[in-house]
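Trainee: I want to learn how to read a sheet in a model. Can we work through one together?

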Amino acid sequence: PKLQPIELTGAARERASDVKSELLHGEVVAMAGGTRWHDRVGTALRTGLARFADDSGCESFSSDLRIRVPDAGYLYPDASSACGPMFDADECLLNPIVVWEVLSPSTEARDRGAKFDAYRRIGSLRTYVLLSSSRPRATVFHLSPAGWLLNEVDGRRARIEIPSIGLVLE
């Protein structure tokens, strides 16, 4: 018998691909490589999150882990944190509490716009953090009963407080 090609869709296509890409509302967006400054901020973030995970019982994940966005697709944040993480059959994280994005000139508009809009569809999400790769600045959105509240912190000695998981980064 002749073998028929199998067409891969969604996360299965993503795993088989040499290119990492996000899927949002039917649009596939290839992920570009980052700059050294983006990498430095991301590495410092993941180092701080690794120390936190040892004490909290929560887990943090790198940019290699997809997050499922209900009725929209999946995204790859620079980092995510979950307490009691749950995954679907495609190994997508379903219940992040905090999503972290490191901003680059080429990604900032999408991170602040379409991606934040998508992440807000996730019922477990309580905090969305945007870290600048060009200066010591963080924009932290916290979900409150009144909606999403914005807090910006600047400077090398600034403290980033994430009450949703009991974390302070200095």
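**Reading the sheet**

Mentor: Begin with the strand order. Here six strands form an open sheet, in the order E3-E6-E7-E8-E9-E10, with mixed pairing. Keep in mind that this is a predicted model.

Trainee: Which are the edge strands?

Mentor: Look for strands that pair on one side only. In this sheet they are E3, residues 59-62, and E10, residues 147-154.

Trainee: By how many degrees are neighbouring strands turned against each other on average?

Mentor: Ignore direction, and the average is 15°.

Trainee: Now one pair. In what sense do E8 and E9 pair, and over how many bridges?

Mentor: Strand E8 covers residues 127-132 and strand E9 covers 137-144. Their pairing is antiparallel, over five bridges. Thr 127 has His 142 in E9 as its bridge partner. Val 129 sits opposite Val 140 in E9.

Trainee: What joins E8 to E9?

Mentor: A hairpin, through four residues.

Trainee: And how many residues lie between E9 and E10?

Mentor: Two, and these strands also form a hairpin. E9 and E10 pair in the antiparallel sense over eight bridges. Ser 144 faces Gly 147 of E10 across that pair.

Trainee: Which strands does helix H3 lie across?

Mentor: H3, residues 108-119, lies across E7 (98-103), E8, E9 and E10. To read its direction, compare it with a strand. H3 runs at about 165° to E7.

Conventions. Residues numbered from 1 in each chain as written. Predicted model: local features only at pLDDT ≥ 70, side-chain atom pairs only at ≥ 80, totals over all residues. Heavy atoms only, no water. Pairing = 2+ DSSP bridges. Axes fitted to C-alpha atoms, helices over the stretch in contact; angles between N-to-C directions. Contact = heavy atoms within 4.5 Å.
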